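Dear colleague,

Please find the structure below, together with its sequence.

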Amino acid sequence: MRNILLVPAIVATLSGLLGCGSSDSGGPAYLQTRAAAGKPPVLDSVSHIQVIPPVLNGGGITANPRTVTDPDSIAAIVSFVTRNRSAWKTKRGLRETPRGSLILDFYTGPALVATVVDRGRQLSIQGHRVGLIQKLSRDDKAVLAALVGMPAEQ
């Protein structure tokens, strides 16, 4: 009887260590995508986007998080994030999410594919074994805020 219970326990442990359940050096467990090394994760099959709003007025006040499920809205957000693919640059040290930043978590079903963070003057994207960054203009900040239905930072 004990041997019968041991097999599922071993399988569960191994599946957590392998495949899409593995994390990026202590970070979130991202779904493995077919992205090339040093390139942003592929976002073509995103089913929903969790929008985590920035801290407003520096006082710990935040708007409520929301989930984008409308396919047209998802397509517009994915298009915004991927339109400047050649501008993404490798940057070490992207583990820390800056306080007060707009965070977008991209999902395919229940699996996390990528996290995009508005870092003030930069936009970062993290995924399975990738952390990239590019410049973010003030106009693009406003566009991104409008696409996800959040108030633009002042």
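In strand β6, I103 is the bridge partner of I52. Please keep in mind that this is a predicted model.

On the side of β7, I103 stands opposite V117. Strands β6 and β7 also run antiparallel, with six bridges between them. Their hairpin has two residues between the strands, and G109 there takes a positive phi near 60 degrees.

How far is β6 enclosed by the rest of the structure? It is largely enclosed, because five of its six residues are buried, buried meaning under 20% relative accessible area.

These strands form part of an open sheet of seven strands, in the order β4-β1-β6-β7-β8-β9-β5, with antiparallel pairing. Its edge strands are β4 (66–68) and β5 (89–90), each of which pairs on one side only. As a general point, strands of a sheet pair through backbone hydrogen bonds. The partner of β5 is β9 (residues 130–135), and two bridges link them in the antiparallel sense. Here K89 stands opposite I133 in β9.

Two helices pack on the sheet. Helix α2 (residues 71–82) touches β1, β4, β6, β7 and β8, and its direction makes about 115 degrees with that of β6. Helix α3 (residues 138–148) touches β1, β4, β6, β7 and β8, and its direction makes about 50 degrees with that of β6.

With kind regards

Methods:
Residues are numbered from 1 along each chain as its sequence is written. This is a predicted model: local features need pLDDT of at least 70, side-chain atom pairs count only at pLDDT 80 or more; totals for chains, interfaces and linings use all residues. Side-chain values use heavy atoms; hydrogens and water are left out. Two strands pair if DSSP finds at least two bridges between them. Helices (H or I, at least four residues) and strands (E, at least two) are DSSP runs, numbered from the N terminus. Contact means heavy atoms within 4.5 Å. Axes are lines fitted to C-alpha atoms, for helices over the stretch in contact, and angles run from 0 to 180 degrees between N-to-C directions. Buried means under 20% relative accessible area, exposed over 50%, partly exposed in between (1.4 Å probe, protein chains only).
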